[in-house]
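My entries follow in the order of looking.

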Amino acid sequence: MPAAIGRRCGCERRKRPCAARDNAAPSCLGPVKTKRNYLPNIDERLEPILSEVLSRNAGEPEFHQAVREVFESIGRVVAKHPAYADDALIERICEPERQIIFRVPWVDDSGKTRVNRGFRVQYNSALGPYKGGIRFHPSVNLSIIKFLGFEQIFKNALTGLPIGGGKGGADFDPRGRSDGEIMRFCQSFMTELYCHIGDKTDVPAGDIGVGGREIGYMFGQYKRLANRFEAGVLTGKGMLYGGSRARTEATGYGNTYFVQSMLGTKGESFDGKKVVVSGSGNVAIYTMEKILSFGGRIMACSDSGGYIVDEQGIDLDLVKEIKLLRRGRISEYARLKGTGAHYIEGSGIWDVPCDVAMPSATQNELTGRDALALVKNGVIAVGEGANMPSTPEAVRVFQEAGVLFAPGKAANAGGVATSALEMQQNASRDSWTFERTEERLAEIMRNIHDTCAATADEYGAPGDYVLGANIAGFVRVAEAMKAQGVI
Ligand code: NAP
C-alpha cells in the first residue's frame, strides 16, 4: 500500500513514495520546509540537501549518521566556495553510482541449502576504480554497506592514491562454520560478484569476517569464472599469488602511525602509555603489535563476547594463537594466561583506565557514556581503527574535553592505501619488501595526518581532525567530479 506508506512517513510530497515502513518516521521527514535548526549544526544551504538525502534513504540509520557527519563539516567549504553546491554536486556524491543486491545460495555441511543476501555498492569512481572491503557478518544490510561505502569515498581520496569508493558484503555469519562451508559460501558469493568487478572497475578487499582465507577462495572462483589470472581484481591476497607484504598489518599499523603523529603535536608519544584496543581481529591485532613496538602497554582487548584485562600487559602472542590459529574466543585468554588476567563478559571495555583508546571492532561500539568514562579516567587520544566506532555523542564528548581524536576515515586509511600499493605491484608484476611497503605506508599516514591538520587550520578549527578529514576528502572528490562534467 504505497499511499499509506507515503502518508505515514511524509513522503507523499515526493513524486514517488519512499520504501519506508513502520520504523521510518524519525529519519524520513520529507524534503521540503525544513525549519532553521531542525537539522542542528548543518549550514542553512545544506539543510534542504541533507533533508532530501535522509528522506530518499529512509530506514538507513547508519547511512544517515555517516552522511550527517560529513554535512556538519562541509558547511564551511560551501560558505567559502558556494560553487560546490551547484549542479547538484553534493546530491550526486550522496547517491551511489550503482548498487547491486543478490542472492547467495549455498549448501552447509549437513546438506541443508541456505540462502544469504549479498551486496556491492559502487559508490564513486571519480578518482579511480571502486575500492573497498567485503564484510561477512549477520548484521550486514544496505544501510551498513552504504555508510561504509560513503565513508570509503573520502577515506580513499585522503590517501592521495587513484582509488574510488565502494563496499560490499553479505549477512552471512562465518563464526562456527567449517572451512568447507566458508569455501562454498565464498564461491557462491563470487559467482554473482565476478561480473561486476575487475582491476579497472572495482577491486574488493577484506573487512569484518573476510581475511586471507576468504579472499583466497574468492580469488580462486573469480579465476575459474573469468579464465584470467587477473591479480589486481582483489587485494589482501596471499603472498604466493599476488599479495603485498604488510597488507595484513596495514590498517592497525597505519592507525598507530596516525595516532603517533597526533600525539607528536603535543610533544607526546606511545612510549610508556597504557592503551586499550577493542576487538581482536585483523585491525586490533596489528594495532597492538605496532603499539608494543612503540613502547606502549596494552591493558585490554575484546571480541563480541566480552573483554580481557591483563594488569601485566596483554600477551599478544597468546591473543594471536587464540584468534589466528585456533579461531577461538577471547575468553580463553584468561584461562590460558593464569595470573593477572581476567575476562569480563559483555561490553564495558572502555571503563578500563588508559591514556589512549583504539576502538578497532565495529560501528557505534563506543557510546557517549563510554566516552565520559574514558575522559574521567584521563584518556588523551583516541584513534579509530574501526569504521565509525564512536557514536556522534562520543565524538562530541572527546572534542569538548580536548582529547586528540582521529576519525576512522583518516586513521584507518592505511589498509586501503596498502591495497592500492598491492594493485601497483600487481600492475608492474613486482613484489616489494616488507620494509619498502611499510615505509610507504608510514609516509602516506604522515601525509594524511598533515593534510587533515592543515585543512582544519585553514577552515578555522585547529585540531579538529574530523572536520579536516571530511573537508580534505570532499574537496578532492568534488574537484574531480566537476572536471568530469555531470557524472
Ligand atoms: P575482523 O578481523 O573480523 O575482527 C573484528 C573484531 O571485532 C573481532 O574481534 C570481533 O569479535 C569484534 N566485533 C565484531 N562485532 C563486534 C561487536 N558488536 N562488539 C564487540 N566486538 C565486535 O575485522 P577487522 O578487519 O579487524 O575489522 C574491524 C573494523 O575495522 C571494522 O569496522 C572494519 O570495517 C574496519 N576496517 C578494517 C580494515 C581492514 O583492512 N581489515 C580496514 C579499514 C577499516 P567476534 O570475533 O566475536 O565477532
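Glu62, Phe63 and Ile93 supply 50% of the area that domain 1 buries against domain 2, more than any other three residues. I found 10 residues of domain 1 in contact with 10 residues of domain 2, contact meaning heavy atoms within 4.5 Å.

Entry, basis. The model is predicted: local features need pLDDT of at least 70 and side-chain atom pairs pLDDT 80 or more, while totals for chains, interfaces and linings use all residues. Residues are numbered from 1 along each chain as its sequence is written, and side-chain values use heavy atoms, without hydrogens and water.

Entry, domains. I noted domain 1 (10-94), domain 2 (98-245) and domain 3 (248-411), with bounds from an automatic or database domain assignment.

Entry, ligand. Where does the ligand lie? Domain 2 and domain 3 both give residues to the shell around the ligand, so the ligand lies between them. Of the 23 residues around the ligand (a heavy atom within 4 Å), Asp207, Thr251, Ser304, Arg329 and Asn387 come nearest.

Entry, polar contacts (pairs of N or O atoms within 3.5 Å). I noted ligand oxygen atoms 2.6 Å from a polar side-chain atom of Asp207, 2.9 Å from a polar backbone atom of Gly209 and 2.5 Å from a side-chain N or O atom of Ser304.

How values were computed
Polar contact = N/O pair within 3.5 Å; in protein donor to acceptor, adjacent residues only side chain to side chain. Buried area = accessible area lost by both parts, 1.4 Å probe.
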